Every structure is written in C-alpha cells, then in structure tokens.
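Please keep the sequence and the coordinates at hand while reading.

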Amino acid sequence: MSKAWAERGRADVIKIDCVEVRDGETLRLTFEGVKSPWRQGVWLRTDGGIRIENQLCPSAVLWQDTAPDEVLIECRTQSGHLHLYNIWEEQGRRQSQMWASGMLAEELPNGRLYRCNDVGFEADFDKLVFRLEHLR
C-alpha cells in the first residue's frame, strides 16, 4: 500500500505488487495504453530470474515504447513470487517509487490489470495501463 495515497483516503494504491507464480510458469504482459509526457515501463523480478526472448536475467525492465505490445515472461523461482512496479523516465533518468507514484490493481480471471501513476496526486491512474496474465 502507498502511505502517501492512504493519507489522502486512497488505500487501494500499491507501490509494488507481488504475484504468485510457479517455477517455469509463463506470463503474458500486455501494454494497453500510455498517457504521459514521460516514457513509461514496468520493472519485474523473481528470486531465480526472468526469461524473456531466451535471455535469463535477475530482473527485467520493459519500456512501453520499445517492447512489443505483448511480452512472454518465463518466471524462474523457488519462493513462488514475482515482484513488479511501474517506472518512468524523466530527463533521461529512470524513476520509480516516488511519493505519488503507484498502481491500482484490478483482478482479472487469469491475472491483473494495472493502472499506473508516475507523479502528482491529481491522477487518473492512466499514465501506463498494462495487463499481466497467467497462461494456464
């Protein structure tokens, strides 16, 4: 939960999400929209690494403007958790976890829809919208 948003009566805003996954499970991340003057993206991490396009990394950064609209993500994990949060680039520097940043997560039948904010409390949570779905 975001303390800054909770102080403003919004207990539904999260800074970072933790999704339960099985070792070797593949998820699909789909970028649905962006409405920000800054470049938007998603940071993801598991304890065993993330495989995208046959490349295994400890964590991954997917930028909406350079990644495909749909990205398949294989999760390697012993803990069974995938952590993620929204990021953005401002003046050539990657930013995240700022005071007013956060995500609204809506449950879907096979995953979640995320609506993100980068800066400012006058937010529609439409700076970045993406889905993360389990492929079962």
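## A buried asparagine

Asn-86 counts as buried, at 1% relative accessibility, where buried means under 20% relative accessible area, exposed means over 50% and partly exposed lies in between, computed with a 1.4 Å probe on protein chains only. The residue sits in strand β6, residues 81–90; strands here are DSSP runs (E, at least two residues; helices are H or I runs of at least four), numbered from the N terminus. The side chain of Asn-86 reaches the backbone oxygen of Asn-117 at 2.9 Å, which falls under the heading of a polar contact: a pair of N or O atoms within 3.5 Å, where within protein one must be able to donate a hydrogen and the other to accept it, and residues adjacent in sequence count only if both atoms are side-chain atoms.

With residues up to four places away in sequence not counted, Asn-86 touches Gly-41, Ser-96, Gly-102, Met-103, Cys-116, Asn-117 and Asp-118, contact meaning heavy atoms within 4.5 Å.

## Basis of the values

This is a predicted model, in which local features need pLDDT of at least 70 and side-chain atom pairs count only at pLDDT 80 or more, while totals for chains, interfaces and linings use all residues. Residues are numbered from 1 along each chain as its sequence is written, and side-chain values use heavy atoms, with hydrogens and water left out.

Strands β3 and β4 (residues 55–63) pair in the antiparallel sense over 8 bridges, two strands being paired if DSSP finds at least two bridges between them. They form a hairpin with 2 residues between them, and Glu-53 in the turn has a positive phi of about 55°.

## Nonpolar cores

The largest nonpolar core has 28 residues, and those with the most contacts inside it are Ile-73, Leu-82, Leu-84 and Phe-130; such a core is a set of buried Ala, Val, Leu, Ile, Met, Phe, Trp, Tyr and Cys residues joined through side-chain atoms within 4.5 Å. At least two residues of this core come from each of β2, β3, β4, β5 (70–75), β6, β9 and β10, and β3 gives the most, with 5 residues.

A second, separate core of 5 residues includes Trp-5, Val-13, Leu-104 and Phe-125.

## Salt bridges

A search of the whole structure finds 14 salt bridges, each defined as a side-chain nitrogen of Lys or Arg within 4 Å of a carboxyl oxygen of Asp or Glu. In one of them Arg-22 meets Glu-25 at 3.8 Å, N to O; Arg-22 is partly exposed, with a relative accessible area of 48%, whereas Glu-25 is buried at 4%.

Glu-32 and Arg-131 meet at 2.2 Å, N to O. Glu-32 lies in β2 (residues 26–34) and Arg-131 in β10 (residues 128–134), so this pair ties together parts that are 99 residues apart in sequence. Both side chains belong to partly exposed residues, Glu-32 with a relative accessible area of 43% and Arg-131 with 22%. Lys-35 and Asp-126 form a further salt bridge at 3.6 Å, N to O, and Lys-35 is exposed at 56% relative accessible area. Salt bridges that share partners also join Asp-23, Arg-51, Glu-74 and Arg-76 into one network.
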